[in-house]
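Biologist: I am new to this structure and would like to learn how to read its features one at a time. Could we start with what is shown here?

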Amino acid sequence: MSRIAYVNGAYVHQRAARVHIEDRGFQFADGVYEVCAIRRGVLIDMDLHLERLAWSLDQLRIDVPVSWRALRIILAEMVRRNGAPAFGLLYIQVTRGTAPRNHAFPTGIAPTLVMTVRTLPAPAYAVLQRSVAVITRPDLRWRRPDIKSVSLLPNVLGKQEAMEAGAYEAWLVDDEQRITEGTASNAWIISREGEVITRPADRSILNGITRRVVLRLARRLGLVVSERAFSVAEAKQAREAFFTGTTAFVKPVSRIDDTAIGNGEIGPHTDELLRAYLAHVEAQAANSVPVARR
Ligand code: PMP
C-alpha cells in the first residue's frame, strides 16, 4: 500500500510530497513536531499530543495552521488513507512557513503543515522487554528542550554516537553531571530502595507523553515515585533503569556506559511498568472508535 502524506491541504503520495526550499523549517529548524502511535487504527493519547503541540506552537509564536477541529479531521483521514494500520507512527510537523530567508519572523505568511504515517510491526512484549545499552554524553542542546522543536542536531549526533558504540540510546548529561534525558526518550532509574526516579519536567527536558502516562501508572501500581534529578553515578548504582517514549514504550536498560545494570534482563518494576503501559495502549485501541470507522 502506498504511503499518503499530507502537505498544506493536499493528500499526496509520499514520493511526490514537497515543501518549498525556503521553508523556515528547512532553513532555520523554525518548527515543531509531534509523533503519535497508532494502534489498531486508533491514535494513542492523541489529546495529550495535541495539547503539547499547541503549547510548543505557542512558545515559539507559530500560528496554529488550521483549526483544532480541522486538524483532528486531517489526522483521522491520514490514518484512514494509510490503511488504519495495526501499528504505526503518525508524524506531524508545523513550521512558521515559507518566506525569503531572513532571521526575523516574516509577516503575512501561513504556517506549513505536514503529516506522514509509517506502518511498523506491532509492538510485541517479547521484543519490547529486551534490554538495551545506553551511553552517556554531554547535553549540548539549547536551553529550551522542553519545546518539541525540529531543531534536533545534538539529538541526532548523540543517537549516532550510541549506534557507533553498539548502544541503543544516549543519555544526555548536564553541567552538574546529572542526566537530563535520552536523545529521543525520557530517562528513569529505580534505586536500591525501590524508588522510581525521573527528572522533573522543568525546562531541561521534554515532558514526554509516555513519561506522563507511566508516572500515572506507577503511582496507580503503588510504587514510590520521585520526580527529581539524578546523577550519572546514581544511575550506575541503580537496581533498574529504563527509558520511555512513543516509539520505545518502556525500554529496559542493561548497561550504562561500562556499568551493568541488574542482571541484563528486564527488572521486576520495569516489567510491571512495561506491562501496565502495554495494557494502557491496548485498552485505548480497544475502547476508542478506530478513526477509519468513525
Ligand atoms: N525526550 C526527547 C528528547 C524526545 O525526542 C522524545 C520523543 N519525542 C521523548 C523525550 C519522549 O516523548 P514522548 O513520550 O512524548 O514520545
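Modeller: Let us begin with a term: a residue is called buried when its relative accessible area is under 20%, exposed when it is over 50%, and partly exposed in between. This is a predicted model, and in it arginine 40, at 45% relative accessibility, counts as partly exposed.

Biologist: Which residue forms a salt bridge with arginine 40?

Modeller: In general, side chains of opposite charge can pair when their charged atoms come close. Here the partner of arginine 40 is glutamate 282, with the closest N and O atoms 3.5 Å apart. Because glutamate 282 lies in helix α8 and arginine 40 in the loop between β3 and β4, the pair ties together parts that are 242 residues apart in sequence. Glutamate 282 also forms a salt bridge with arginine 39, where the closest N and O atoms are 2.9 Å apart.

Biologist: Is arginine 39 buried or exposed?

Modeller: Arginine 39 is buried, with a relative accessible area of 6%, while glutamate 282 is partly exposed at 24%.

Biologist: At roughly what angle do the axes of helix α6 and helix α8 cross?

Modeller: Two packed helices are described by the angle between their axes and the distance between the axes. The axes of α6 and α8 come within 10 Å and cross at roughly 110 degrees, which means that α6 is roughly perpendicular to α8. Their crossing is right-handed, and the residues making the contact include Val213 and Leu217 of α6 together with Leu273 and Tyr277 of α8. The contact residues divide into seven nonpolar, two polar and one charged.

Terms used. Residues numbered from 1 in each chain as written. Predicted model: local features only at pLDDT ≥ 70, side-chain atom pairs only at ≥ 80, totals over all residues. Heavy atoms only, no water. Axes fitted to C-alpha atoms, helices over the stretch in contact; angles between N-to-C directions. Helix = DSSP H or I, 4+ residues; strand = E, 2+ residues; numbered from the N terminus. Parallel < 35°, antiparallel > 145°, perpendicular 65-115°, else oblique. Left-handed = near helix turned anticlockwise from the far one by under 90°. Contact = heavy atoms within 4.5 Å. Nonpolar A, V, L, I, M, F, W, Y, C, P; charged D, E, K, R; others polar. Salt bridge = Lys/Arg side-chain N within 4 Å of Asp/Glu carboxyl O. Buried < 20%, exposed > 50% of the residue type's maximum accessible area, 1.4 Å probe, protein only.
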